[in-house]
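The following paragraphs go through a predicted model.

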Amino acid sequence: MSDSTLLSTLLLSPLISAALIFFINMLFLNPRQSLFTFLALTGSGVSAVLALIVSYQSYFHAQVFTSHLFTWLSIGEFTIELALKADALGSFMLLFVAPVSFLIHLYASGYMDKDKSYGRFFTYFNLFIFFMFLLVLADNPIIMFIGWEGVGLVSYALIGFYFEDIQNTYAGNKAFIVNRVGDFGFLSALMLLFIEAGSAGFSFDSIFLSLAQIDPSMLSLIAFLLFVGAMGKSAQIPLFVWLPDAMAGPTPVSALIHAATMVTAGVYMVARFAPLYTMTPDISLFIAYVGAFSALFAAIVATRQYDIKKILAYSTMSQLGFMFMALGVGAYSTALFHMFTHAFFKGLLFMAAGYIIVAFHHKQDIRELQGIRKSLPLLFVMMFTASLSISAIPPLSAFFSKDAIMGALYASGHVELFLMALVASLLTAYYMFRMVFVLFYSQKTQSTKKSSKSMLYPMVVLTVLSVFAGLLNLPELFGGNLNISNWLNLLDKELLLPHAKELLLISVNTLLILGVILYTYKRYAYTQAIHKESQENLVAKKFYVDEIYTLLITQPLHYLSIFFEQKISHGIIDRLINLSALYYARAGILFSYLENGNVRFYALYMLIGVVSGFVYLYWALRGVL
Amino acid sequence: MTNEFIALAVPGLLVLSAVFLLLFGLSSHYTKNRGYYITLGTLVVSFLISASGVSEKHSMDLLPGIFNSMLVYDTFGATFISLFLLGGFFTLAIAKSFIDSTDYFTHESFVLLLLSLFGMVVLSMANELITAFISLEIASMSVYILVGLNRDSLKASEAFFKYLLLGSFAASFYLLGMMFIYAQAKSTNLDIIAHYVLSTDIHSQLLIIAGSMLIMITIMFKIASVPFGAWVLDVYEGASLPITAYMAGVFKIAVFAFALRMFLLDYIQFEAYYDILIIGGALVTMVGGSLLAIIQNSVKKMLAASSVVHSGYLLIAFASTSEDTSGAASAIIFYLFAYFISAIGAFGVLSYISQGSAKTINYDDLNGLARTNPIIAASLTVFMLSLAGFPSTIGFIGKFYIFTSAIEAGYTLFAIFGAITAFISIYYYFKVIMHLYFKENPHMKVHYGYKISFAFIVLSAFTVLWGGVGTSLLFNLPGINALNELARFAIESLAM
C-alpha cells in the first residue's frame with residue numbers, strides 16, 4: 001500500500017463503516033447487532049492498525065505521510081486542497097487517538113449491548129473518529145475547521161443520544177451553543193489569518209512562513225481568537241460550563257469524546273499553531289493563566305461533587321488546565337505528553353465509572369454506591385491504579401507528564417503559576433481518593449452479578465498503558481532522553497532545572513500528595529463524612545457560575561429576543577409586510593379588471609403601447625427632425 | 001458532416017416527417033402511439049444533428065446560389081435550434097400521459113407540432129426580413145391551431161380565436177415596419193440594411209428606426225410582454241397543458257433568436273433609442289405579470305402569468321446588450337434554457353397529474369401530494385424553487401447572470417427592481433410548495449402510470465438541480481461552465 005493510500009484508508013475506513021451502519025440501520029427493520037459490532041470494530045480497528053504503522057514510521061524513520069484527496073475549492077489562483085499530512089505532531093496524535101478509540105469502541109459494544117439504538121450509536125461513534133482524524137491530519141486550517149466542527153456536531157448528537165429525556169437534549173444544546181462561541185473565535189481568527197497571510201497559499205506551512213510579515217498587534221489578536229476556539233472545545237474558563245452537563249451522554253461517549261480525544265483538540269490546535277504562539281508571548285502567558293485558573297477552579301469544584309461522572313468531568317477540565325499552563329509557558333511537547341497519558345488514565349476512569357453504572361442499575365451517586373469492592377475486585381484495582389496515576393505518584397505515567405509540567409512552570413519563573421498548579425495537583429489527589437475511598441472502603445457491601453468481558457478487556461489494556469506510558473518520555477534525571485519531545489521537535493522553550501533542584505521538587509511534591517491521600521483516607525475511608533458535607537456552600541454550588549451566566553447572558557439575551565420577536569418582528573416588520581401584501585393583492589385585483597377577456601380591449605392596449613412608443617420616439621428624435 | 005448538410009438536414013427532416021405523418025395518418029396502420037413515437041424520433045434525430053453544430057464557432061451564408069443570402073447558418077442559430085428542439089422533445093415526452101388520456105391529439109396535431117418547429121428553425125436562421133416573417137407565421141399559425149385543438153372545449157376555441165385575431169393584428173405591425181425599412185434601405189436583407197445604416201447619417205435613418213420599433217412590437221407581442229401580451233392568460237388557460245408548456249417554454253426561444261440576431265449587431269447604433277423602450281416594457285411586464293400571478297387560484301394561470309414576469313427579466317437582459325457586453329446576450333440564452341427546463345417541468349407535472357382532464361388545477365388540488373406521490377411533489381418543488389430563482393437551482397444561476405449583466409450595463413436600479421419582483425414571486429411559487437407539503441391530504445393515492453412522462457419529469461428536475469450546482473467534481477457531465485461557454489460561442493459567432 002502506498003503512503004498516500006494508507007493515510008486515506010486510515011481516514012476513510014471509519015467513515016465507510018459509519019455509512020454502512022447508517023444505511024443498514026435505516027433500511028432493515030431488525031438488523032443483527034453483531035453485524036453492527038463487526039462493522040464498527042473493523043472501521044476503527046483498521047484505522048488503529050494503520051495509525052500504529054504511521055506513527056512507527058514517523059518515530060523511527062522520521063517519515064512524513066501525505067495524501068491529497070481532491071481540490072475542494074479553486075478560485076482563480078487560490079485553492080483549498082483536501083490534503084492530509086501526518087507529520088510528527090499528527091502521527092503522535094494518531095498514536096493515542098486511534099488505539100484508544102478502538103478500545104473504547106470495543107468497550108462500547110459491551111456497554112450498549114441490546115440498546116434499541118445500537119446502530120445509531122455506532123454510526124455516530126465511527127463518524128466521530130473520522131472527524132477526529134480529519135481534525136488531526138488536516139494540512140490546512142480550513143480542513144482542520146471542518147474536522148473541528150464535525151467532532152462538535154457528533155458530540156452534540158451523542159450528548160443528546162437518549163433524546164426521550166428532554167434534559168439530555170438541553171445538555172446537547174448547551175454544549176453546542178457554548179462551543180459556537182468558541183467556534184466564532186476560531187473562525188474569526190481564520191478569516192484574519194486569511195486576509196493577512198492567505199495570499200501565498202493557506203496550508204499550515206505557508207501560513208507559518210508568512211507570519212513574520214504580519215503586524216504584531218494583529219498577530220496577537222489572531223492568537224487570542226484562536227485560543228477562544230480552544231477554550232470552547234477544551235472546556236476552559238469561561239467556556240467550560242458545557243462539559244459537566246455533557247455527561248448526560250452514554251458513558252463510552254464521555255470516555256472517548258469528553259475525556260480522551262475531542263476535548264484535547266484545543267490543546268492540539270494551540271500546539272499546531274506553536275510558531276504563532278512563540279511570536280506572541282503575551283497571549284501565551286494569558287493562556288497559561290486561563291489554564292491555571294481552570295485547573296484550580298475545576299479541582300475545587302470536583303471536591304464537592306457526588307455524581308461519579310461529574311467528578312471525572314471536572315477532573316478532565318482540571319487536567320486540560322494543566323496542559324494549557326504548559327502550552328502557555330512554551331513547553332509544548334510537555335503539554336502534549338500529558339495529553340497522551342491523560343487519554344489512557346482518564347479513558348480508563350470513565351470506563352470504570354461506566355462499568356459501575358451498568359453493574360449497579362444506573363446509579364451514579366457515589367453516596368449510593370458505597371462498598372462495592374467485594375463485588376468488583378478487578379475494577380477496584382484498576383480504578384485505584386488510575387487514581388494513583390492521575391495523582392502523579394511515581395512511577396506511574398502521569399507522574400512523568402505532570403511532573404514535567406510542574407518543572408517547566410517552575411523553570412519559567414512564574415512562581416504564582418507554579419503554586420496554583422501545585423494546589424490544583426494536591427486537590428486532584430484529594431477529590432480522586434475521596435471518590436475511591438467512598439466507593440470502595442466502606443462497611444457496607446453491595447453485590448452485583450453483571451459483568452461483560454468486552455467491557456473488561458479494553459480496561460485491562462488501558463490500565464497497563466496508564467502504568468507504563470510515562471516511560472516513553474523519560475526525563476534525563478531518570479536516565480531517559482525525552483524520546484517523545486525529541487520526536488515531536490516543536491518550538492519548545494528551554495526550561496531546564498538543575499538535577500538537584502528537580503529532584504527536590506519531585507520529592508516534596510510526591511510527599512505532599514501522599515500526605516493528601518493519607519488525609520483523605522482518614523477522612524473518608526470507613527466513615528460517614530461524605531454524608532455530612534454541606535450542600536449549600538460556595539463550592540457545592542459550583543461558585544454559582546451557571547447561575548451567573550444565566551443572569552448575565554442567557555436572561556438578557558432571552559429578553560432581548562422576546563423584545564425583537566414581539567415588538568420588532570411582529571409589531572413592525574410583519575405589519576409592514578402584511579400591509580404591502582394587502583396593497584399588492586388589491587393592486588392585483590385592480591389589474592385583473594384590465595384582463596377582462598375582451599379582445600377589443602386587448603387590441604386597445606396594444607395600440608396604446610404602439611402610440612406611446614411612437615410618442616417616445618418622436619420626443620427622443622426631436623432634435624433631428 | 002458539413003455545415004451545409006446540418007443546416008439543411010434539420011428543417012428538411014422536420015418537413016419530411018410532417019408530410020409523411022400527414023399521409024400516414026390516413027392509412028389504417030396509423031395509431032396514436034405510432035404517430036407519437038415517429039414525432040419523438042424525428043425530434044431526437046434532428047436534435048442530435050443540430051447539436052453537432054454547436055461545439056465550434058462558425059458562420060456561413062447558406063447556399064447563396066439558391067437562397068440568395070436569405071439564410072445564414074452559424075453557431076448562434078445552431079444553439080437556438082438545438083435548444084428548442086430539446087424543448088420540444090421534453091414537452092412531448094412529458095406529455096405522453098396527457099396525450100394518451102385525451103382524444104383530440106390526432107395525427108394532425110403532431111404534424112402541426114413538427115411544422116411549427118420547422119418554422120422556428122428557419123426563423124433562427126433567417127437573415128432577411130421577409131423570410132423571417134414567413135417562418136414566424138408558419139410557426140405561429142401552427143401554434144394557433146394547436147391552441148384550439150380541443151374543439152369540444154369552448155374555452156379552447158375562444159382562446160384560439162383571440163390568439164389568431166390578436167396575432168394577425170400584431171403581424172400587421174411587422175409588415176408595416178418592414179415596409180418602412182425597405183423604403184429607406186431599399187433591401188430586406190439584414191446585412192445590407194446594416195451596411196446602409198453604417199454608411200449614412202441619422203437623417204436618412206428615421207424610417208428604419210421607426211420600422212424597427214414596429215418589428216420589435218411584434219416580438220414583444222410574441223413573448224407576451226405588457227401591454228402587448230394581454231392575450232396570454234386567456235390563451236394559456238384555454239390551451240391544453242402540453243401546448244401551454246410548449247408556448248411558454250419553446251416558442252419564446254425562437255422569437256428571441258430572431259430578436260437577438262436583428263437587434264444585437266445591425267441596430268446596435270440605435271441602442272440609445274430602444275433601450276429605454278425595452279426597459280420600460282420590462283418594468284411594466286414584471287409588475288403586471290407578478291400582480292396577475294399573485295391573485296390566481298389556478299396553478300396553470302399562475303404559471304401563465306408568471307411566464308410574463310420571466311419575459312420581463314429577459315427584456316432587462318435584452319436592453320443590457322451592447323457591443324461590449326456579450327455577457328448579456330449569453331445570459332439570455334442561459335436564462336431561456338433555465339426557464340424552459342423549469343417551466344416545461346412544472347407544466348409537465350400539472351399535465352401528468354391532471355390525467356388529461358380539462359378541469360382546472362387549483363392550489364387546493366395539490367394538497368398532500370407530497371404524501372401520496374413524494375417524487376412528483378419533490379420534482380414540482382424543484383421546479384418552483386428554480387422558477388423563483390432559489391440558489392442551487394438553475395433558475396438562480398440564470399437570474400444571477402441576467403442581473404449581473406444588467407448591472408454591468410449600468411441598469412443597477414432595474415436589476416434591483418427585478419430582484420424585488422423575484423422576491424414577490426416567492427409568494428406564488430412557494431404557495432405551491434406549501435400546499436404540497438403542509439396541507440392535509442383529502443384524496444387517495446393515485447397511480448398515474450406512464451413511466452416515460454414520469455422519467456422525464458424527474459430528469460428535468462435533476463437537470464434543474466445539476467444546472468444549479470453542477471461542477472465536474474463528481475461526474476464528468478457538462479455543468480454551468482459548459483452551458484455558459486456554448487452561449488458565449490453562439491453570441492460570438494454572430495459577429496463573424
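In this predicted model, chain B puts 27 residues in contact with 23 residues of chain A. On the chain B side, four helices each supply at least two of the touching residues: H8 (154–185), H10 (206–222), H11 (232–238) and H13 (271–294). By class, the side of chain B that touches chain A consists of 23 nonpolar, 2 polar and 2 charged residues.

The largest nonpolar core has 206 residues, and A:Ala271, A:Met325, A:Ala352 and A:Ala421 have the most contacts inside it. Helix H15 of chain A, residues 332–359, gives the most to this core, with 18 residues.

Leaving aside residues up to four places away in sequence, A:Ala421 touches A:Ala292, A:Ala295, A:Phe322, A:Met325, A:Ile405, A:Met406 and A:Leu409. One of these, A:Met325, is itself among the residues with the most contacts inside the largest core.

Helix H17 (residues 397–412) and helix H18 (residues 415–440) of chain A have axes that come within 8 Å and cross at roughly 155 degrees. Angles over 145 degrees count as roughly antiparallel, and H17(A) and H18(A) are therefore roughly antiparallel to each other. Their crossing is left-handed. H17(A) contributes A:Lys402, A:Ile405, A:Met406, A:Leu409 and A:Tyr410 to the contact, while H18(A) contributes A:Leu417, A:Phe418, A:Ala421 and A:Ser425. Sorted by class, the contact of H17(A) with H18(A) has 7 nonpolar, 1 polar and 1 charged residues.

The axes of helix H14 (residues 299–320) and helix H19 (residues 412–438) of chain B come within 11 Å, crossing at roughly 165 degrees. That angle makes H14(B) roughly antiparallel to H19(B). H14(B) passes H19(B) in a left-handed crossing.

Which residues of H14(B) and H19(B) meet? From H14(B) they are B:Val299, B:Met302, B:Ser306, B:Val309, B:Tyr313 and B:Ile316, and from H19(B) they are B:Phe414, B:Gly418, B:Thr421, B:Ser425, B:Tyr428 and B:Val432. The contact of H14(B) with H19(B) has 8 nonpolar and 4 polar residues, with no charged residues.

Conventions:
Residues numbered from 1 in each chain as written. Chains lettered and ligands numbered in written order. Predicted model: local features only at pLDDT ≥ 70, side-chain atom pairs only at ≥ 80, totals over all residues. Contact = placed C-beta atoms within 7 Å. Nonpolar A, V, L, I, M, F, W, Y, C, P; charged D, E, K, R; others polar. Axes fitted to C-alpha atoms, helices over the stretch in contact; angles between N-to-C directions. Parallel < 35°, antiparallel > 145°, perpendicular 65-115°, else oblique. Left-handed = near helix turned anticlockwise from the far one by under 90°. Core = buried A, V, L, I, M, F, W, Y, C linked by C-beta atoms within 7 Å. Buried ≥ 20, exposed ≤ 12 C-beta atoms within 10 Å, placed from the backbone.
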